[in-house]
Amino acid sequence: MHPRNPGIHAALTPDKPAVIASDTGAALTYRQLDATANRLARALRAGPVPPGEQLAICLENRPEYLAVQWGAHYAGTYYTPISTRLTPAEIAYVLDNCGAR
């Protein structure tokens with residue numbers, strides 16, 4: 001496991017905040033981050049995006065974003081972040097060119 005993997009921190013300091021939103025104060029602990037990422041990884045592996053495939057992520061800037069990103073990483077997918085500020089045409093362009101399912 002990579003030393004920056006949230007699972008390492010969840011084992012050592014499970015209740016320490018992993019991420020805190022500066023605008024709202026919303027937080028995820030390392031335990032929550034790792035558990036959510038693992039649930040998503042299992043769901044991805046079970047069907048829609050198998051390991052080695054491309055996943056597009058279009059989410060607002062919020063603490064859960066990191067859980068989705070780590071879940072994709074744990075699942076062995078490639079992922080492309082897409083800004084929520086793009087127009088539908090711009091999002092379509094990114095999707096067409098990144099190869100996401």
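Leaving aside neighbours within four places in sequence, Val19 touches Ala26, Ala27, Leu28, Pro63 and Leu66, where contact means heavy atoms within 4.5 Å. This comes from a predicted model, in which local features need pLDDT of at least 70 and side-chain atom pairs count only at pLDDT 80 or more, while totals for chains, interfaces and linings use all residues. Residues are numbered from 1 along each chain as its sequence is written, and side-chain values use heavy atoms, with hydrogens and water left out.

Val19 sits in strand β1 (residues 17-20); helices (H or I, at least four residues) and strands (E, at least two) are DSSP runs, numbered from the N terminus. With a relative accessible area of 17%, Val19 is buried. Here buried means under 20% relative accessible area, exposed means over 50%, and partly exposed is in between (1.4 Å probe, protein chains only). Val19 and Leu66 are 47 residues apart along the chain, and their C-alpha atoms are separated by 8.3 Å.

Now for the whole chain. The protein chain has four helices and four strands, and from the N terminus on they run α-β-β-α-β-α-β-α. Its C-alpha atoms fill a box of roughly 40 × 35 × 20 Å, taken along the principal axes. Of the 101 residues, 30% count as buried. Take the contacts between residues at least 6 apart in sequence: 58% of them join residues at least 24 apart.

Ile8 belongs to helix α1 (residues 6-12) and, at 28% relative accessibility, counts as partly exposed. Twelve residues along the chain separate Ile8 from Ile20, and their C-alpha atoms are 19 Å apart. Val49 is found in the loop between α2 and β3 (54-57), and its 6% relative accessibility makes it buried. Val49 and Gly76 are 27 residues apart in sequence, yet 9.4 Å apart in space, C-alpha to C-alpha.

Next comes a pair of helices. The axes of α2 (residues 30-45) and α3 come within 7 Å and cross at roughly 50 degrees; axes are lines fitted to C-alpha atoms, for helices over the stretch in contact, and angles run from 0 to 180 degrees between N-to-C directions. That is why α2 and α3 are oblique to each other (angles under 35 degrees count as roughly parallel, over 145 as roughly antiparallel, 65 to 115 as roughly perpendicular and the rest as oblique).

The structure holds one aromatic pair: Trp70 and Tyr74, tilted, at 5.8 Å centre to centre and with 55 degrees between the planes. Rings of Phe, Tyr and Trp (its six-membered ring) pair if their centres lie within 6.5 Å; planes under 30 degrees apart count as stacked, over 60 as edge-to-face and the rest as tilted. Both Trp70 and Tyr74 lie in α3 (residues 64-75), four residues apart, which is about one turn of the helix. Trp70 is partly exposed at 22% relative accessibility, whereas Tyr74 is buried at 17%.
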